[in-house]
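The sequence and coordinates are shown first, and a description follows.

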Amino acid sequence: MYETNEFRKGLKVEIDGQPYEMVDCQFVKPGKGNAFTRTRLKHMVTGAVIDRTYKSGEKLDSAHLTEHPMQFMYEADGDYHFMNMATYEQVTISKTHLEEKANWLHENLEVSVLFRNNLPIAVDLPNFVELEVVECDPAVKGDTKSNASKRATLSTGAVIQVPLFIDSGERLRIDTRTGEYVERVKR
Amino acid sequence: MRGAQAYPPFRGPRVPVAAAARAGGPVAGRIRSDASGTWLSDASGEVRLSAVEPEDAADGDWLSGRLVPDGAAHRLVAAVVHAPRLAESPDPGLLGRLPALGRRAEIVLAARRFFHELGFLDVETPSRVPCPGLEPHLAAFPAGAGQWLITSPELHLKRLLAAGAERVVEFARAFRDDERGPWHRPEFLLVEWYRAFAELDEIMTDCEGLVRACAAAAGTARVRGTCDLAAPFERTTVRDALAGATGLDLAVLQDRDALARAVARRGHAAAADDRWDDLFFRVWIAEVEQDLGRTRPVFVADYPASQAALARTRRESWGEVAERFELYVAGVEIANAFHELNDPVEQRRRHEADRAARAAAGAPVYPLDERFLAALVAGMPPASGIALGLDRLAALLVGAESLDAIHPFEFR
C-alpha cells in the first residue's frame with residue numbers, strides 16, 4: 001500500500017483490478033481545505049491514461065506484478081528480447097510498451113521484467129546505464145566546466161544533450177529516470 | 001580563450017574597475033564572456049579585455065595579475081589562474097539559477113515600491129509566536145518553548161488595523177509544514193495587505209495594479225503562453241465557475257449526500273468520511289481549478305460558507321457564501337482575500353470551532369490568541385485584506401514551473 005505522501009512518478013499501483021503506472025503527481029492544496037494529490041495514471045497494458053485525485057492520507061495498492069531479473073539480448077523488428085539467466089527462459093516486449101525505456105537498453109543490461117498473469121508487460125531499468133557516443137560534434141578542447149551543451153547520438157540511437165567537451169567514442173553515464181547525462185566514464 | 005558562456009550575463013550598468021588596476025596595478029577577479037566580449041569582473045567593477053594570458057584561461061576562471069592597456073581595452077596578464085570545479089560544488093545547479101534569482105529580486109522590489117507609492121505602512125511582525133493561526137488544514141512548525149512559526153502574519157496585521165493603521169502591508173516569510181510540491185515550499189514569501197473601510201473591490205484593484213507592476217519588472221505581459229496580464233482581470237463566483245465547467249449547480253447541492261451522488265456521477269471516487277468540503281474539492285481540483293485564469297487572470301468570489309475561515313458571510317437566495325475571493329493566474333491560485341470578520345463574538349466562536357476540528361483530526365491545538373480577540377473587542381474597523389503568494393507570482397512571471405526554480409536553495 002502506498003499513502004499519498006509516498007506517491008511519485010513511476011509508482012506501479014492497482015486500481016479497479018488493473019495495473020497502472022503513475023506518470024505524473026502533484027500536491028494540491030485548496031486555500032481553506034484538505035490537501036489532495038492530483039495524479040495521472042497510465043494503464044500498464046493498454047496505455048490508456050486516467051486522471052485521479054486523492055485526498056491526503058488515502059492509499060493505493062501496489063500493482064499485482066511479479067518481477068524477474070533478466071538480461072536484455074537484442075532487438076528485432078521493434079521487439080525487444082530478454083533472457084532469464086537462471087532458467088534461460090526468453091520473453092519479448094514490444095517497443096510500444098517500452099516507450100522511452102528502449103532508449104537505454106544495451107546488450108547484456110540487467111533489468112527487472114515485470115509480469116502480470118505470466119505475461120511480461122514492462123521493465124524496470126537500473127537508475128544509471130553506461131552508453132557509448134557514436135556521433136556528436138567535435139569536442140571543444142579544454143572546456144571541462146561550462147553549462148553549454150550539444151547533441152550526441154548514443155549507441156542505442158537515443159539523442160541526448162551533453163557538455164561541449166564530449167567526443168565520439170566516449171562512454172557516458174546516463175540517468176534513465178530523467179534521460180540526462182550524468183558524467184563521462186573513464187575506461 | 002575557450003568560448004562557452006557558463007556565467008549568466010551581467011545585470012545593470014557596468015562600473016569601470018578602479019583606476020589603479022587600469023593603470024597596471026595588481027588586479028584579481030573572474031573572467032566572464034558574453035555577447036559584448038570578454039570581461040574581467042573584480043571587486044570594483046568590470047573592464048573589457050582584448051586578450052588574456054595565458055591563453056587557456058577559461059570563462060569563469062579566477063585570476064590575479066596585471067592589466068596592460070591595449071587600445072580601448074586591456075590585456076590581462078595573469079600570474080595565477082584558478083579554475084573552480086563547479087561539478088564538485090554542493091550546489092551545482094545554483095549558477096544556472098542566478099538569472100532567475102535576479103528577476104525575482106526585481107519583482108519583489110517592484111511590489112514593495114507599489115505599496116510604498118500607495119501610502120501603505122510596510123511593517124515586520126513576529127515570525128515566532130505562541131498562537132499561530134488556527135485554520136484546521138494548516139500545520140505550524142514548532143519553534144521551541146511553546147512557540148510556533150507563523151503560517152501567516154494575519155493576526156498581528158489585524159491588531160495594527162485595530163490600533164489605527166488604515167493601509168498596512170507586510171512582506172512576510174510564512175512557514176507551513178507538510179506542504180511540498182512544485183507550487184508549495186514549506187517556507188515562502190507572501191505579501192499580505194489590509195485596507196480599513198474597504199470592500200473586496202478595492203483589493204481586486206490593488207491586485208491588478210500589483211500584478212502588472214511585477215510583470216513590468218519581469219519584462220513580460222503573458223504567463224504560461226496563454227494568460228494575458230494586460231487584459232482586464234475577469235470576475236466570477238465559485239457557483240458560476242463550477243457550473244461553467246461541470247454543469248453542477250451549488251444551489252441544489254447544499255446537502256452532503258446530494259453532492260456525493262453528483263461527484264460519483266461525474267466519475268470521481270469519494271471516501272465514506274468525506275465532508276461536504278472534501279467532496280466539493282474533489283470536483284473543483286479535478287475539473288475546474290486548472291482552467292481558471294487560462295486566458296487572463298480571474299477573481300473567483302463567494303466561496304461556500306463552510307470555507308469562510310476569517311471572512312464575513314452573507315446569505316444569498318440559494319445559500320450562504322463567504323465574502324472571500326481567490327485570484328487565479330494560468331491555473332495557479334496566487335491569492336486569497338477576505339472581507340474581514342471583525343465581530344469579536346463570532347470570531348471567538350469560529351476559533352473555538354477550529355480548535356475542536358483540530359482536536360478531532362488529531363492535530364496540535366494551538367492556544368486562542370487573546371490579544372487578537374481583545375483587539376477586535378477594542379474595535380477593528382471594517383476592512384478587507386489579502387495574502388498573495390509572491391513566490392508563486394514571481395515563478396509564473398519568469399516562466400518557471402516550480403518555486404524551487406526561483407530560490408537559491410532547496411528546502412530540506
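Of the 107 residues in the largest nonpolar core, those that touch the most other members are Leu190(B), Cys214(B), Val300(B), Val329(B), Leu388(B), Leu393(B) and Leu397(B). Such a core is a set of buried Ala, Val, Leu, Ile, Met, Phe, Trp, Tyr and Cys residues joined through C-beta atoms within 7 Å. A residue is buried if 20 or more other C-beta atoms lie within 10 Å of its own, exposed if 12 or fewer, and partly exposed in between, with C-beta atoms placed from the backbone. Helix α4 (residues 200-218) of chain B supplies the largest share of this core, ten residues. Apart from this core lies another, of 29 residues, including Val13(A), Phe82(A), Leu114(A) and Leu131(A).

The model is predicted: local features need pLDDT of at least 70, side-chain atom pairs count only at pLDDT 80 or more, and totals for chains, interfaces and linings use all residues. Residues are numbered from 1 along each chain as its sequence is written, while chains are lettered from A and ligands numbered from 1 in the order in which they are written.

Leu190(B) is in contact with Ser152(B), Ala172(B), Ala174(B), Ala387(B), Leu388(B), Gly389(B) and Leu390(B), leaving aside its neighbours within four places in sequence. Contact here requires C-beta atoms, placed from the backbone, within 7 Å of each other.

Also in chain B, helix α8 (residues 344-360) packs against helix α9 (residues 370-379) at an angle of about 160°, with the axes 9 Å apart. Therefore α8(B) is roughly antiparallel to α9(B); angles under 35 degrees count as roughly parallel, over 145 as roughly antiparallel, 65 to 115 as roughly perpendicular and the rest as oblique. Pro344(B), Gln347(B) and Arg348(B) of α8(B) make the contact with Leu373(B), Leu376(B) and Val377(B) of α9(B). Helices (H or I, at least four residues) and strands (E, at least two) are DSSP runs, numbered from the N terminus.

Arg412(B) is found in the segment after α10 (390-397) of chain B. This arginine, Arg412(B), counts as exposed because it has 4 C-beta neighbours inside 10 Å. The C-alpha atoms of Arg412(B) and Arg185(B) are separated by 10.0 Å, although the two residues are 227 residues apart along the chain.

In chain A, five strands form an open antiparallel sheet in the order β9-β8-β7-β10-β11. At its edges stand β9 (90-94) and β11 (119-124) of chain A, each with a single partner strand, so one side of each is left without a neighbour in the sheet. Neighbouring strands of this sheet are turned by 45° against each other on average, direction ignored; the axes are lines fitted to C-alpha atoms.

| Strand pair | Bridges | Residues opposite each other |
|---|---|---|
| β12(A) and β13(A) | three bridges | Cys136(A) and Ala152(A) |
| β13(A) and β14(A) | five bridges | Ala152(A) and Ile160(A) |

β13(A) and β14(A) form a hairpin with four residues between them, and Gly157(A) in the turn has a positive phi of about 95°.

Chain A is divided into domain 1 (2-62), domain 2 (66-124) and domain 3 (128-185), with bounds that come from an automatic or database domain assignment. The centres of domain 1 and domain 2 of chain A, taken over C-alpha atoms, are separated by 26 Å. For chain B the assignment gives domain 1 (19-84) and domain 2 (94-233 + 296-406), and 48 Å separate the centres of these two domains, again taken over C-alpha atoms.

How values were computed. Pairing = 2+ DSSP bridges. Axes fitted to C-alpha atoms, helices over the stretch in contact; angles between N-to-C directions. Contact = placed C-beta atoms within 7 Å.
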